[in-house]
Amino acid sequence: MSARPVPPRIAYSAFSLDRASHTRRDVQALAAAERAPSTRVVPVWRGLNLIVPGATPVAVALAGEVAQTALAAAPEKVFLGADDKGAWFAADIGQNPLSDLAGVLAGAPAGAAFQELRTASALMVGTEAALLACARGLVHWHGASRFCGACGQPTEFRDGGHARRCTDKRCARDHSPRTDPAVIMLLTRPAPPGHPGQARCLLARQAHWPEALYSALAGFVEPGESLEAAVAREVLEEVGLSLAQVTYRASQPWPFPSSLMLGFRAEAADEEIRRDDRELADARWFTRAELKTLPGEDLKLSRSDSIARFLIEEWLAEVG
Ligand SMILES: [Zn+2]
């Protein structure tokens, strides 16, 4: 797979802190960082992030006294990393009802409210959306990992929140934050010789999606499966097509709750769609000219900060 620079318009991919992983096991350094006046805190409350709504929603980073108030309300503090001013933590304050968090909310900017990240992120500054996504993803993992999957005993917080360990001494299994890989692929066909402008890409829609929304095919990678095999299997299952070529393009963290979307261009070996109607309500080939003119009430494309849209726009910018 060829590496590419991170395209900035893919949401959640512009994480800007130094993850400073060497600090995670340094208990004294973490304790000092928690108390430092320069420390910033990203609060997470029951899966929601603290955001100031507006034309450009703003991620709230608590500082100073209010940061300490939020840390005091969080039984576990996850070390996110550092910038040139100091350390950043995520504080899971979801054990508290909002009525008990007046000290945190009063210290936040006016209008700030706990909100679902997906509803705000498209209009946010990319680095802020990525920071909130990371905080949300790690806090979710802790909430879902309180008990050992091997023996069922409680686990304990370790390494600044980047590990948990089973408290049963005979088991003592270490658990790490999980990321589940999913593949998303833009299926294409080149223009036949002598037919310029007839290259096509395949977009599909699932029945439960918003009206007229079409996107690239996607699916989870299965255990023991390579990414290339997952792309080929999903395409065969969903539209009955074999592939001539698969090329990696870019990726998108997708912390809802714990995925990584790996984006591919996949060239189909033929064109006859045999759609799986349990998975898809429709699947169609589109030329570049159609995708540039059709979008409107009858055809809507994935949101502008999604990796699906990145794959589509990248293909649209080419010739053929
Ligand atoms: Zn265990």
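Where does Pro257 lie? I found Pro257 in the loop between β15 and β16. The peptide bond from Phe256 to Pro257 is cis, with omega near 5°. Most peptide bonds are trans.

**Ground rules**

I am working from a predicted model, where local features need pLDDT of at least 70, side-chain atom pairs count only at pLDDT 80 or more, and totals for chains, interfaces and linings use all residues. Residues are numbered from 1 along each chain as its sequence is written. My helices (H or I, at least four residues) and strands (E, at least two) are DSSP runs, numbered from the N terminus.

**Whole chain**

I counted eight helices and 18 strands in the chain. The C-alpha trace spans about 70 × 50 × 35 Å along its principal axes. I call a residue buried if 20 or more other C-beta atoms lie within 10 Å of its own, exposed if 12 or fewer, and partly exposed in between, with C-beta atoms placed from the backbone. By that rule 34% of the 320 residues count as buried. Two residues are in contact if their C-beta atoms, placed from the backbone, lie within 7 Å. Among contacts between residues at least 6 apart in sequence, 66% join residues at least 24 apart.

**Domains**

I have domain 1 (21-135), domain 2 (145-178) and domain 3 (180-316). These bounds come from an automatic or database domain assignment. The C-alpha centres of domain 1 and domain 2 lie 24 Å apart. Their contact takes eight residues from domain 1 and five residues from domain 2. On the domain 1 side, strand β5 (residues 77-83) gives the largest share, three residues. I sorted that side by class and got three nonpolar, one polar and four charged residues. For this sorting, Ala, Val, Leu, Ile, Met, Phe, Trp, Tyr, Cys and Pro count as nonpolar, Asp, Glu, Lys and Arg as charged, and the others, Gly among them, as polar.

**The β8-β9-β10 sheet**

I traced an open sheet of three strands in the order β8-β9-β10, with antiparallel pairing. Two strands pair if DSSP finds at least two bridges between them. The edge strands are β8 and β10, each pairing on one side only. Four bridges join β8 (residues 155-158) to β9. Thr155 stands opposite Cys166 in β9.

Which side chains of β9 are buried? Along β9 (residues 163-166), Arg164 and Cys166 point to one face and are buried.

**Positive phi**

Most residues other than glycine have a negative phi. I noted Asp159, not a glycine, with a positive phi of about 50°. Asp159 sits in the turn of the hairpin formed by β8 and β9, which has four residues between the strands. Asp159 is partly exposed, because 19 other C-beta atoms lie within 10 Å. I also noted Ala172, whose phi is near 50°. Ala172 lies in the loop between β9 and β10. Ala172 has 13 C-beta neighbours inside 10 Å, so it counts as partly exposed.

**Core and helix α5**

A nonpolar core is a set of buried Ala, Val, Leu, Ile, Met, Phe, Trp, Tyr and Cys residues joined through C-beta atoms within 7 Å. The largest one has 77 residues; Ala90, Ala135, Val183, Met185, Leu187 and Ala216 touch the most other members. Helix α5 gives the largest share of this core, 10 residues. Domain 1 and domain 3 both give residues to this core, so it lies between them. I listed the neighbours of Ala90, leaving out residues up to four places away in sequence; among them are Val42, Leu80, Ala135 and Leu138.

In α5, 13 of the 18 residues are buried, so the helix is largely enclosed by the rest of the structure.

In α8 (residues 307-316) I found Ile307, Ala308, Phe310, Leu311, Ile312 and Trp315 buried. They pack against several elements, including β11 (180-189), β15 (243-254) and α7 (288-293).

Is Glu297 buried or exposed? Glu297 has 7 C-beta neighbours inside 10 Å, so it counts as exposed. Glu297 lies in the loop between α7 and β18. Glu297 and Glu211 are 86 residues apart in sequence and 8.6 Å apart in space, C-alpha to C-alpha.
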